[in-house]
Amino acid sequence: MISVALRGLAGRKFRALLTAIAIVLGVAMISGTLVLTDTIDRAFTRIFVDSYAGTDAVVSAKSPDLSFEGESVAAPPLPEEVLDQVRKVPSVGAAVGSVFEDSAVKILDSKGEPIVKNAPTFGFGLDSSVARFNPLELEDGRWPTSDREVVIDSGTAEDEGFGVGDRVSVATLQPVRDFQLVGIAQYGGVESLGGATFVVFDIPTAQKLLDREGKLDAISVAARDATSPDELVRDLEGALSDTVKVQTGVEQAEEQSEEVGFFVTFIRYFLLTFGAIALFVGAFVIFNTLSITVAQRTRELATLRTLGASRRQVLGSVLLEALVIGALASVIGLFSGLALASGLNALFKALEIELPTTGLVFSLRTVIVALVVGIVVTMLAGLAPALRATRVPPISAVREGATLPASRFARYWPYVAALMIALAGALLGFSLFVDDIGTTERLLAIAVGVLALFVGVALMSPKLIRPLATIVGWPARRIGGAAGRLAQGNSLRNPGRTAATAAALMIGIALVTFVAVLGAGLRDSNRDAIESQIRADLILTSEDGYTEFVAGASDAAKTAAPARVVTEVREETARVAGSAQNVSGIDPDLITTGYAFDWKEGSDAVLAQLGTDGAIVAENFADDKGLLVGESFTLEAPGGKRAELTVKAIADPPPFYPLLGAVTIPKQTFDSTFERKRNRFVFVDVNGSPEAAKPAVEAAVRKYPDARVQTRSEWIDKEDREFQQFLSMLYVLLALSVIVSIFGIINTLVLSVFERTREVGMLRAVGMTRRQVRRMIRHESIITALIGAALGLPLGVFLAALITQALGQFEIQFKVPTTQLLIFAVVAIVVGIVAAILPARRAARLNVLNALQYE
Amino acid sequence: MDTRLEPTASSNAASNGGSDVVVRGHELTRRFGEGDTAVDALRGVSLDVQRGQLTAVMGPSGSGKSTLMHILAALDRPTSGHVTIAGTPLGKLNDTEVTKLRREHIGFVFQFFNLLPMLTAEENVLLPLSIAGEKPEPDQFEELLQKVGLTDRRKHRPSELSGGQQQRVAIARALVSRPTVVFADEPTGNLDSKTGGEILELMRESVDSYGQTTMMVTHEARAAAIADRVLFLADGVIARDLGRASTHDVITAMDEITSQ
Ligand SMILES: Nc1ncnc2c1ncn2[C@@H]1O[C@H](COP(=O)(O)OP(=O)(O)OP(=O)(O)O)[C@@H](O)[C@H]1O
Ligand SMILES: [Mg+2]
């Protein structure tokens, strides 16, 4: 019996392969994601482990453990004297200090533009005298020894064609300067740092350029022989004040790996989601294909029953078929994943999100997960058809044209569908509108809810096929002639089959529609948020738009002739009233020239009365903390300084994109509280038109290449573009599931053509041309695809509306991008045409005589 | 099971009323559909099939021959009446029990062969055994293949065989597990006259050399003539029950029934 199942499958190799592809893509996505993220993870681990390989202990300042929106705040630097104290500890063998900065240092390319690839741009001050502490390996040249010399990373050197001896411009917190490139280095064991770049200075130079005069970020310590790292840590802790943190090198490496690990995990789950979606669509395809195959094999299965096969054996044989297909697909998918990993990396690269990599990591975990997931999903999808196969009565063996008996539950399906949809509604309602549940529960409820919604609609759809096919079949009837009319008829023959095929595409279309609609709303909200807050003619931001940048750029801008008013906005994260929040520092008397407050309580007049302890707080923050005007609260900076502040006014910035932090204080207070005095924005008001004034302002800040000058509309456009890029990435990832559904349509058509061999022969015999046969199949395909679109588009719009509603607190707009949705409908037609190519050719090639004789 | 394929009859039917009755139908009726469109395919048929006999069932088209076969072979259930196969009343058996009974006691030969296209002739023949998880006794299997004339075609696929050869495969498949009774519904219906004749000879031979109880529906008078007993059905009832008969007798009986 096992061999019968296997031989049967072998006899339908082509169909089995087509079926398998449905799962291959999903599995490939999963294995590719695992391989890629493992590789990134390993690269990071290598970086950290290697960096601390020769270090027994690390001394740094105690950081207040602040993290805001996923980004943890860097610890403030230590006073240089600590290094001397460390060296005096008897069990210390050697100790060196280092300077570390993760955003301000940027290498300029040959055009004078800073190299920024959505990744950190590191600046190091290293003491190269003790090699064991150096995390980097020189590939060429030597370490810098003067304030005119630097070493840069090999990736940048290669990309930009820099060699030892060249002159390189580097932006820091001081005006940009040229340096002599004396060496090229890389982290050991890492092939690429991704988009990250680094510049190495000697320590005094780094301190001067990076606002750390007399300060160090960390001290690396090696123990004298026979002292263990733990003992060393204890000795150091005893000798140093408790404002510093002492850890072993291993602990330090682990801590940093963990921070990055969080980020890698996020990428992993993000990508896995798309793999899961593709698998879900694949499950539909498998379900449908196996259902059709079982229906077509009714007679064969019945014959087996008359020969004594039990129901269990029939069940087993269909499940075995699913198992083989699943295993085959999973193995192919697993290895395709290796190729896909590089593809995914390229995708990220195209979006300028480069991640460090090393040789591809292909772990046992990847193999197991990919195989198990692929096989289990296939078997689950095969369960329903297998159960139906057991219901084939032996007597079907002797009945001409016997068909699969309707499932016992067939008449309950509409109720099951309704129940599913109700369940989906309940889950979505629960996840979106109930307040106090954890993020994981919420996401899970949304995922299961959407899943149930898709299944429910798919179950319901056989009932909708007739009206839908009549509507979307209109062009087929009009332009397809007899072939078109037959095509529509064919699509109605087996509504369940057409429905399941269309449902697979529906999922992909619903999801891209969801992304498009939500994306359109987010873009509009973003634009409106900027427009309603910004008054300035020109805005300076850092190159990437979100990191804080050198304060000197603001003074430089003032020297531009057309500049009338220049006002800066500082930003830093702090613990405010107990939670991490962004804090902005403003010029109270100038800010309104650049920024428009939407006052909830208070007015522009309040700005003049802020004094040194006055604060403007955002309404949602005030509500959260129960703060009223006149009440006081405490702010604690990362460096440990505290400030007692009083609420003077409450503003209501657009919750979707507030440009100022939850708390806004006078710049003076900001500067006396925070170590890092950098700007998030500089607003410039100019005489004459902003466009005309821009070149002069740009020229004025040329010394600070990291400061980007843009008009209000340029800024909005840039944000739009970046957002669009992100949406494009989602489309590319969702395309995977659309491709899976294409294979679903191909499968159904191939099987239908096979089933109708005799009929096609008859049509050809009575005068249908090959071209008409092809057209007939093509129109059937397009009709199926359009049904998918007709179901998916409204579903996507509905989901987007739901989420918009649920995110009400962010005041996201709801907007249906009609053109884009029309494009998706056209894409569906293209999907139909593409899917029909192969089946249509097969049908047209049928030999009339053979087709008629076919039994 | 080393008794397989040996020309001795199995013995477990002996206990059930009359030593030689292996299939018994009692007052069988079968109604298809309901209300106005209901068709009574059988209206009360009782019969006993004797061990080692070849019974032919004849009658006009639509007289209920196939229906009767299906019911006797446990493929279908009667609307009323009882069937007993090898001493086991079918009435209360569930699907698993019927499957077991089918494995042990029933063989089938279909009009349209119903071979599995992906298996070779030999594998098709062995299918009932492999489904039951058994192995053939090599010598006896060879003898069977020889008997049905498939020795040199054993590795061929059904698509590479003629209709007659395919039906030989089907017959060997029905015989291989040495069932208590083989049912054949128009086994020659899809074959030309000469090939049909050869198949009929084969059926007769299996009765003679293995003592294989066989029940066969046919439209051919010469087929009926090789039978030990000929039943005539008309309008869902047994119209005539002849013993051994000549072709002439059969044609006469047919004519009489049709003209009634
Ligand atoms: N599944 C069914 N549903 C409805 N009516 C049926 C079914 N099977 C058979 N019948 C009817 O029962 C009657 C007997 O049919 P049956 O197939 O037994 O005839 P038959 O004697 O085998 O005829 P033939 O010689 O043409 O094969 C016929 O009137 C037929 O239409
Ligand atoms: Mg019949």
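Salt bridges were counted over all chains of the predicted model, giving a total of 51. One of them joins K815(A) to D524(A), with the closest N and O atoms 3.6 Å apart. K815(A) is placed in the loop between helix 24 (770-806) and helix 25 (818-845) of chain A, whereas D524(A) belongs to helix 15 (residues 495-533) of chain A, so the pair ties together parts that are 291 residues apart in sequence. Both partners fall in the partly exposed class, K815(A) because its relative accessibility is 37% and D524(A) because its relative accessibility is 21%.

A network of salt bridges links E568(A), R570(A), D587(A), K667(A) and D671(A).

On the surface, a patch of negative charge is formed by D230(A), E231(A), D235(A), E237(A), E251(A), E254(A), E258(A) and E259(A). Helix 6 (229-239) and helix 7 (249-296) of chain A are the elements that each contribute two or more residues to this patch. E259(A), a residue of helix 7 of chain A, is classed as partly exposed because its relative accessibility is 46%.

Further residues were examined individually. D598(A) is situated in the loop between helix 17 (591-594) and strand 19 (599-601) of chain A, and its relative accessibility of 45% is the reason it counts as partly exposed. The C-alpha atom of D598(A) lies 6.0 Å from that of P653(A), although the two residues are 55 residues apart along the chain.

S330(A) is part of helix 9 (residues 311-350) of chain A and counts as buried because its relative accessibility is 0%. A polar atom of the S330(A) side chain is 2.6 Å from the backbone oxygen of G326(A).

In chain B, Y210(B) belongs to helix 6 (residues 193-210). With a relative accessibility of 3%, Y210(B) is therefore buried. Y210(B) and R178(B) are separated by 32 residues in sequence and by 8.6 Å in space, C-alpha to C-alpha.

Conventions:
Residues numbered from 1 in each chain as written. Chains lettered and ligands numbered in written order. Predicted model: local features only at pLDDT ≥ 70, side-chain atom pairs only at ≥ 80, totals over all residues. Heavy atoms only, no water. Patch = residues over 30% accessible without salt bridge, like charges linked within 9 Å, V, L, I, M, F, W, Y side chains within 5 Å. Areas by Shrake-Rupley, 256 points an atom, 1.4 Å probe, with all protein chains shown as cover. Salt bridge = Lys/Arg side-chain N within 4 Å of Asp/Glu carboxyl O. Lys, Arg positive; Asp, Glu negative; His and termini not counted. Charge placed at Lys NZ, Arg CZ, Asp CG, Glu CD. Helix = DSSP H or I, 4+ residues; strand = E, 2+ residues; numbered from the N terminus. Buried < 20%, exposed > 50% of the residue type's maximum accessible area, 1.4 Å probe, protein only. Polar contact = N/O pair within 3.5 Å; in protein donor to acceptor, adjacent residues only side chain to side chain.
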